[in-house]
Amino acid sequence: MTRVSVPASRAWRIRARPERRLRAILLFPVLAVALAALTILAIGRGPLVIAPVDIIDILVRAAQGVDQSSSREALVVLDIRLPRILLAVVIGANLAVSGALMQSLFRNPLADPGIIGVSAGAALAAAGVIVVGDKYLPGALPFASLPIAAFAGALIAVLILYLIATRGRETSVATLLLAGIALGALAGAIIGFLTFVADDRQLRDLTFWSLGSLGGATWDKVAALTPPFVLLLVALPFLGRGLNALSIGEAEAFYLGISVQRLKAAIVALAALATGASVAAAGIIGFVGIVVPQLLRLVLGPDHRFLLPACALLGPALLLAADTCARTLAAPAELPIGILTAGIGAPFFLWLLLRRPAGFDT
Amino acid sequence: MTGSKCFLRWAALFCVALLSISAARSAAVKAPAAQRIVAIGGAITETLYALGQEQKIVGVDTTSLYPPHALRDKPNVGYFRAFSVEGVLSLKPTLVIAAESAGPPDSLKLLQDSKVAIARLPDAFTAAGVEAKIKLIGHLAQADAAAATLAETVSRGFSEVNARRAKVSGRTRVLFIIAMQSGRPIVAGRSTAADAMIGLAGGLNVAADFSGYKPMNDESILAAAPDVIVMMANGNRPSNAQIFQLPAFKATPAAAHQRLVALDGLYLLGFGPRTPQACEDLLSAFYPGVK
Amino acid sequence: MTVPIVAARNITYAVGDKILVEDVTVTLERGRLTAVIGPNGAGKSTLLRILAGELTSNSGNVRYLDQDVRSLSAWQLALRRAVMAQTTRLAFAFSVKEIAALGIDSLGRRASREARQALVATALEKADVGHLADRIYQTLSGGEQQRVQFARALTQLWAGQSIKRDQALLLDEPIAHLDMRHQLALMDAARAQARDGVAVLVTIHDLNLAAAYADHLLVLNRGRLVAQGRPHEVLTSRLLAEVFGVDAGIGEAPPGAVFVLPHRHAERRAPGSGTNPKPDH
């Protein structure tokens with residue numbers, strides 16, 4: 001047997017480093033520790049300076065069930081910082097994992113969690129509530145009405161796309177993508193029209209909604225986001241194998257014993273729920289869903305059994321870091337978080353495109 | 001919004017406006033025809049109505065919400081930041097009066113190129129600015145006498161406000177919320193019309209650490225300890241109870257005393273003829289005891 | 001005679017009004033290597049995909065032993081047959097080892113890690129890609145990628161063997177991109193699987209290799225099965241002229257083994273549907 005000899009200098013580039021598995025074993029504790037450290041940092045930092053001792057004291061008392069409602073510091077730690085941190089963790093994980101799922105479904109590393117119409121549907125519903133609801137719905141709308149409408153809009157958009165792309169019992173991923181683009185354009189047109197008829201205040205509402213922010217986090221929002229998040233986490237161990245098989249093609253995945261149609265439906269449903277809930281609660285936050293899976297693929301390789309749980313750790317870490325910056329850098333004002341994630345994400349993304357070796361253009 | 005700009009710029013603009021209007025007037029002398037004015041900006045429309053010049057208005061923009069029948073009676077040329085040039089031209093105006101922030105610049109340039117006289121009115125968030133604005137609009141609409149009377153009334157109104165403000169001891173801490181979608185407050189910082197109104201009404205803007213309208217951090221709101229919340233009453237604003245339940249507001253003095261003022265947007269931030277009255281309203285809300 | 005591992009009866013498959021496979025009845029027998037030949041567009045790959053359970057025929061049925069293919073779930077089918085498709089494009093930078101291991105990840109959950117690794121390593125060696133185990137799949141040549149896919153199919157087959165005997169191995173033009181030595185090596189490996197009791201189906205364009213390796217030869221033309229049987233019975237000058245539209249001599253070297261020697265293009269002959277005897281993609 002003559003073996004293909006690879007020049008030593010090039011070998012490292014085209015070899016999957018055999019220590020991928022070892023890296024995964026090392027990376028998980030590192031990510032977990034980083035997330036824990038960021039959480040501690042985030043709970044300790046804020047425009048209002050609270051001594052670490054007091055924070056620990058507040059947390060311990062809260063754990064003991066002591067009523068601290070009269071303390072301003074306790075209110076800040078327990079009702080402002082803590083729900084916001086949890087929201088960042090949940091949304092970061094939702095977006096990163098959904099991004100990885102969409103990239104596998106579309107077999108394209110540039111797919112974004114909103115690609116199946118989630119963002120378009122949510123934005124359209126939000127614009128509708130802000131502009132039309134303002135005129136025709138009576139009285140004061142509860143704060144929850146906009147997130148609920150956005151969530152419903154996201155799910156309806158995904159459902160429409162899924163029905164369009166499904167013929168017989170088979171969903172065409174290519175149709176899903178194309179119909180998604182068409183639906184996005186249509187939603188954009190309607191949003192454009194709503195922007196046209198909107199007044200000054202509605203415009204401002206629209207703009208700030210679409211920028212995305214974790215501000216206004218409450219325990220209610222955390223509670224509302226928990227079910228889709230838990231569903232996603234529970235589903236993760238059952239998806240890795242199927243997604244790996246899907247990476248070499250739908251037919252091949254079927255040959256390997258994967259129920260492809262069921263897998264596709266599950267991926268779409270999970271990503272729609274998780275992304276829809278996240279967009280509804282915090283607006284559109286870009287790049288977490290693309291950058292996190294990409295970064296992890298570079299380190300761990302594409303094996304979804306490691307990739308998905310790693311996304312569920314790095315996504316929260318990135319979003320928590322960005323949000324802590326968002327609420328402290330310009331205090332007392334807040335930077336829109338989309339600016340920070342995209343500000344970190346876009347240059348990284350360009351670098352990624354530039355260093356991509358030839359032959360990886362799938 | 002650029003905030004209160006220096007008086008020099010205001011004076012310069014005044015001159016430019018006068019120049020362009022003198023050109024328009026010389027044309028009017030040759031063929032004496034009625035003025036046809038398009039007003040682009042809510043306060044401009046309001047002022048023209050207050051001067052009794054509404055018969056000269058042939059078009060208004062979507063922000064012309066006062067008096068309420070203005071938008072019903074007059075053709076609408078669109079939103080003042082994105083008005084339609086063709087819509088304006090189709091009304092065959094002899095004069096366009098536009099707010100400083102009207103636009104887009106290309107549309108204004110197009111209007112100029114089509115030989116329509118344009119006057120741009122600067123946004124000046126001061127008492128003097130309002131009086132000057134009234135006089136300028138009056139001059140442009142050939143109603144100098146009415147304008148002088150109105151400016152006098154407005155000036156008197158501001159004096160009364162000033163007199164009341166002088167009696168105030170201690171300063172009420174005010175947070176002005178311009179938007180509150182999904183429970184995320186967007187707050188007026190310094191260099192805004194809202195900031196100017198708070199100042200005129202004797203309050204202290206607790207968000208003066210930043211400029212413009214920005215989202216404010218929840219715990220910063222709590223730390224700022226506002227005594228009163230001011231909002232715009234337009235649209236479906238959240239109820240007081242909803243706002244004071246939010247963690248950011250729960251422990252503020254405003255929540256403790258349920259102090260929240262909601263006023264119409266144009267009334268509150270238009271800097272037009274009704275502004276002294278709006279200041280009075282705010283002042284009464286900030287300092288209930290001060291007569 | 002025992003029940004065939006895979007049996008297709010009177011299958012017809014059409015897309016719109018275009019009939020791709022028409023009334024074909026074939027069986028894949030235990031221990032037999034069946035080769036499918038035919039010009040481009042004859043329906044070879046479609047037939048293979050119907051047999052694999054990926055496509056459902058409009059009429060007729062496919063049975064794996066005594067079970068209808070439609071009653072078997074994806075994983076039940078995966079235990080009974082492994083498939084190597086023509087071309088596989090990969091979305092992410094998997095390594096060769098990871099691709100081959102996909103065959104066992106889906107099925108061999110109960111096997112120990114060491115046993116699974118050993119199985120993958122053996123499959124890679126069998127396909128002569130053991131030395132490429134840690135390479136990124138996309139950086140391989142077309143032929144190397146094809147061998148990796150073969151290794152994956154072998155892995156799946158062997159992983160399934162611990163649970164299910166009576167398996168089929170379906171290879172769609174497995175040697176299209178290979179050099180001559182690897183063509184022979186792969187056909188050797190396929191025949192070795194047949195000797196171990198697997199029913200093997202290969203679609204192939206090289207008539208000489210088909211003749212040399214097949215126990216049973218199927219000839220498809222325009223979706224119809226026009227001939228089947230032992231290679232030296234099926235391969236005749238007349239069939240080649242009718243199906244492929246070429247004029248070729250049939251030689252018989254050792255008794256029972258035939259070779260095809262094309263010598264003149266048969267443009268003026270009664271045309272078959274294809275005129276290009278070279279492998280397609």
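This is a predicted model: local features need pLDDT of at least 70, side-chain atom pairs count only at pLDDT 80 or more; totals for chains, interfaces and linings use all residues.
**Interface, overall.** I started with the contacts and found 41 residues of chain A touching 37 residues of chain B. Next I looked up the buried area: the two chains bury about 3400 Å² between them, with 59% of that on carbon and sulfur atoms.

I then went through the charged pairs and got 3 salt bridges between chain A and chain B. One I looked up by name is A:R81 with B:E219, whose side chains meet at 2.6 Å, N to O.

**What chain A brings.** I checked which helices of chain A supply at least two residues each to the side touching chain B: they include helix 4 (72-105), helix 5 (118-136), helix 6 (145-165), helix 8 (200-211) and helix 11 (260-282). Sorted by class, that side of chain A holds 22 nonpolar, 7 polar and 12 charged residues.

**Sheet in chain B.** I moved on to an open sheet of 4 strands in chain B, order 2-1-3-4, with parallel pairing. Strand 2 (57-60) and strand 4 (117-121) of chain B are at the edges with a single partner strand each, so one side of each has no neighbour in the sheet. Neighbouring strands here are turned by 20° against each other on average, direction ignored.

I zoomed in on strand 1 (residues 37-40) of chain B, which runs parallel to strand 2 of chain B and is joined to it by 3 bridges. In that pair, B:V38 sits opposite B:G59.

**Helix on the sheet.** Last, I traced helix 2 (residues 42-50) of chain B: this helix packs on the sheet and touches strand 1, strand 2, strand 3 (95-99) and strand 4 of chain B. The direction of helix 2 makes about 135° with that of strand 1 of chain B.

Terms used
Residues are numbered from 1 along each chain as its sequence is written. Chains are lettered from A and ligands numbered from 1 in the order in which they are written. Side-chain values use heavy atoms; hydrogens and water are left out. Contact means heavy atoms within 4.5 Å. Buried area is the accessible area (1.4 Å probe) that two parts lose on being put together, summed over both. A salt bridge is a side-chain nitrogen of Lys or Arg within 4 Å of a carboxyl oxygen of Asp or Glu. Ala, Val, Leu, Ile, Met, Phe, Trp, Tyr, Cys and Pro count as nonpolar, Asp, Glu, Lys and Arg as charged, and the others, Gly among them, as polar. Two strands pair if DSSP finds at least two bridges between them. Axes are lines fitted to C-alpha atoms, for helices over the stretch in contact, and angles run from 0 to 180 degrees between N-to-C directions.
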